[in-house]
Amino acid sequence: MSSTESININSLHELQLQMPRIVPAVNANPGLALAAAANPLLALEQLGYKLSSPAQAEIERYARFGPDNLKRLAELEAEFGKLLTTKTMPADPSEARALFEKSGHEPSDKAAANTKTTLKPAKNQSLTTSLAAIFASKVLAEDEEKKLLRELSAQHPGLPLLYQYRKIHRQRPVFASRSAFESILAGEKNTLVDQVEFSLSRHRDTAKKHSTD
């Protein structure tokens, strides 16, 4: 641990260069490996590494989503931004509602009767209902999801894009809080796995989780 105390990390690339030293250090401590699976940034801090704010944001997004999902998120953000003339994705239903209403949708959930309206009413789907489904934590079956996407597309092309964006975020939950991380590290918090082994691959670093039976 003392060997890493003076090492500052200012980018994802700098972290990747340190991985041959980090991986053995994490795997040598089973408790830390479990905690690292819940919050790898705090695990790095535990090892003595210091991350700059830009590096922390970059590493968190990469560790949470991976390169493939990050590419897809960027595509969805760009496409959604063109449709709704925004540079950021809405973080909650109220913010999303404001964007769609600004695009021409009336607060009453009925399409405005003029040529500027871009949101069309679906037979059994209101904007409020659509946004509730998009931001819900429920995991839909394949046939349910296809039905929902058809209904969203019938209202506005931006709605299915927002659904896909939120789906990726649901599948990649945020990192554990500091208190949860410390509880796992101390063996006080139960987890669904009893062993985690980190390894290096050519394109990314991976963690193998072994479930308890």
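Here is a friendly conversation about how some descriptions of this predicted model are reached.

Biologist: Thanks. Which secondary structure elements does the protein chain have?

Modeller: There are 9 helices and 4 strands. Read from the N terminus, their order is β-α-α-α-β-α-α-α-α-α-α-β-β.

Biologist: Now a residue I can point at. Why is Gln18 called buried?

Modeller: Gln18 has a relative accessibility of 16%, and buried means under 20%, so Gln18 counts as buried. Gln18 is in helix H1, residues 12-27. Leaving aside neighbours within four places in sequence, Gln18 is in contact with Ile7, Ile9 and Tyr49.

Biologist: What makes Glu60 partly exposed?

Modeller: The relative accessible area of Glu60 is 30%. The partly exposed class lies between the 20% limit for buried and the 50% limit for exposed, so Glu60 belongs there. Glu60 sits in helix H4. Beyond neighbours within four places in sequence, Glu60 is in contact with Leu41 and Phe175. Along the chain Glu60 and Phe175 are 115 residues apart, yet their C-alpha atoms are separated by 8.4 Å.

Biologist: What about Pro157: how do you know its class?

Modeller: Pro157 has 45% relative accessibility, and exposed would require over 50% while buried would require under 20%, so Pro157 counts as partly exposed. Pro157 lies in the loop between helix H7 (142-155) and helix H8 (158-171). Between Pro157 and Leu83 there are 74 residues in sequence and 7.9 Å in space, C-alpha to C-alpha.

Biologist: Let's go inside. Which residues touch the most other members of the largest nonpolar core?

Modeller: That core has 48 residues, and those touching the most other members are Ile22, Phe80, Phe100, Leu131, Ile134 and Leu162. Helix H4, residues 53-84, gives the largest share of this core, 9 residues. As for Ile22, its contacts beyond four places in sequence are Leu15, Leu44, Leu47 and Tyr49.

Biologist: Why is the pair of Phe80 and Phe100 called edge-to-face?

Modeller: A pair of aromatic rings is described by the distance of the centres and the angle of the planes. The count comes to 1 aromatic pair. The ring centres of Phe80 and Phe100 are 6.0 Å apart and their planes are at 80°. Pairing needs centres within 6.5 Å, and edge-to-face needs planes over 60 degrees apart, so the pair is edge-to-face. The pair links distant parts of the chain, with Phe80 in helix H4 and Phe100 in helix H5, 20 residues apart.

Biologist: What makes Phe80 and Phe100 buried?

Modeller: Phe80 has 0% relative accessibility, and Phe100 has a relative accessible area of 0%. The limit is under 20%, so Phe80 counts as buried and Phe100 is buried too.

Biologist: How do you know that the buried residues of H5 are on the same side?

Modeller: In helix H5, residues 93-102, the buried residues include Ala96, Arg97, Leu99 and Phe100. They cover an arc of only 160° around the axis, which puts them on the same side of H5. Ser94 and Lys102 are exposed on the other side. The cover over the buried residues of H5 includes H4, helix H6 (127-135) and H8.

Biologist: And why are the buried residues of H6 placed on the same side?

Modeller: The buried residues of H6 are Leu127, Ser130, Leu131, Ile134 and Phe135. Their arc around the axis is only 120°, which puts them on the same side of H6. What covers them includes H5, H7 and H8. An α-helix has 3.6 residues a turn, so residues three or four places apart point the same way.

Conventions
Residues are numbered from 1 along each chain as its sequence is written. This is a predicted model: local features need pLDDT of at least 70, side-chain atom pairs count only at pLDDT 80 or more; totals for chains, interfaces and linings use all residues. Side-chain values use heavy atoms; hydrogens and water are left out. A nonpolar core is a set of buried Ala, Val, Leu, Ile, Met, Phe, Trp, Tyr and Cys residues joined through side-chain atoms within 4.5 Å. Buried means under 20% relative accessible area, exposed over 50%, partly exposed in between (1.4 Å probe, protein chains only). Helices (H or I, at least four residues) and strands (E, at least two) are DSSP runs, numbered from the N terminus. Contact means heavy atoms within 4.5 Å. The arc is that of the directions from the helix axis to the C-beta atoms. Rings of Phe, Tyr and Trp (its six-membered ring) pair if their centres lie within 6.5 Å; planes under 30 degrees apart count as stacked, over 60 as edge-to-face and the rest as tilted.
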